[in-house]
Amino acid sequence: MKWYGYALVLVAGLEVAQAAPLAGGPSGGRLLDSSPRAEFLVNPERKVEIRFVDEHLKLVPAAGQVVGIIAEAPAGKSRLDVEPREGALVTTTPLPEGDGYTVVVQIRATADAKPQNFRVPLQLEPCGDCQRAEYACTCESHAEDAGHGP
Ligand SMILES: [Zn+2]
């Protein structure tokens with residue numbers, strides 16, 4: 001099913017020639033335009049997983065990247081620590097309750113590299129069109145939301 005969904009995204013990308021195709025992460029998460037490229041995923045435990053991928057969206061085990069996750073929940077900002085798990089970096093604690101708030105992902109390629117920040121609107125309900133969670137939606141109408149944070 002995953003490959004089928006991905007094929008549809010590719011086809012949609014070809015049909016709209018001017019708009020940049022919005023690629024989805026290979027594990028159903030949101031693809032961040034970071035270097036190295038990374039996929040943002042909320043797992044069933046509500047923990048954030050950051051998985052690094054190459055240009056073919058093939059999983060590349062994390063190696064020396066530094067990731068910071070900040071949940072801007074209504075109850076207050078909190079920083080979540082990450083730990084390596086099966087090649088990914090996974091937060092040690094679940095995201096604060098609820099959704100609709102912003103999760104800031106800060107990625108450094110190495111410990112002393114410049115941080116790259118991404119603001120992900122945490123919308124966990126599934127999209128009716130692409131069936132991905134809204135935060136990872138690849139539908140055309142979401143293209144304008146895919147920008148970088150400051
Ligand atoms: Zn969608």
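**Close-up views of a predicted model**

**View 1. Glu72 stands opposite Lys77 in β6.** What you're looking at is a predicted model, where local features need pLDDT of at least 70, side-chain atom pairs count only at pLDDT 80 or more, and totals for chains, interfaces and linings use all residues. Residues are numbered from 1 along each chain as its sequence is written. Strand β5 (residues 66–73) and β6 run antiparallel, joined by 5 bridges. Strands here are DSSP E runs of at least two residues, numbered from the N terminus, and two of them pair if DSSP finds at least two bridges between them.

**View 2. An open sheet holds 4 strands in the order β6-β5-β9-β10.** The pairing is antiparallel. At the edges stand β6 (76–80) and β10 (116–121), each with a single partner strand, so one side of each has no neighbour in the sheet.

**View 3. Phe40, Ile50 and Val105 touch the most other members of the largest nonpolar core, which has 27 residues.** Such a core is a set of buried Ala, Val, Leu, Ile, Met, Phe, Trp, Tyr and Cys residues joined through C-beta atoms within 7 Å; buried means 20 or more other C-beta atoms within 10 Å of a residue's own, with C-beta atoms placed from the backbone. At least two core residues come from each of β2 (38–42), β3 (48–53), β5, β8 (88–91) and β9 (102–108).

**View 4. Which residues does Ile50 touch, leaving out those up to four places away in sequence?** They are Ala38, Phe40, Val67, Ala88, Leu89 and Val105. Touching here is a contact, with C-beta atoms, placed from the backbone, within 7 Å.

Notes. A residue is buried if 20 or more other C-beta atoms lie within 10 Å of its own, exposed if 12 or fewer, and partly exposed in between; C-beta atoms are placed from the backbone. Two residues are in contact if their C-beta atoms, placed from the backbone, lie within 7 Å.
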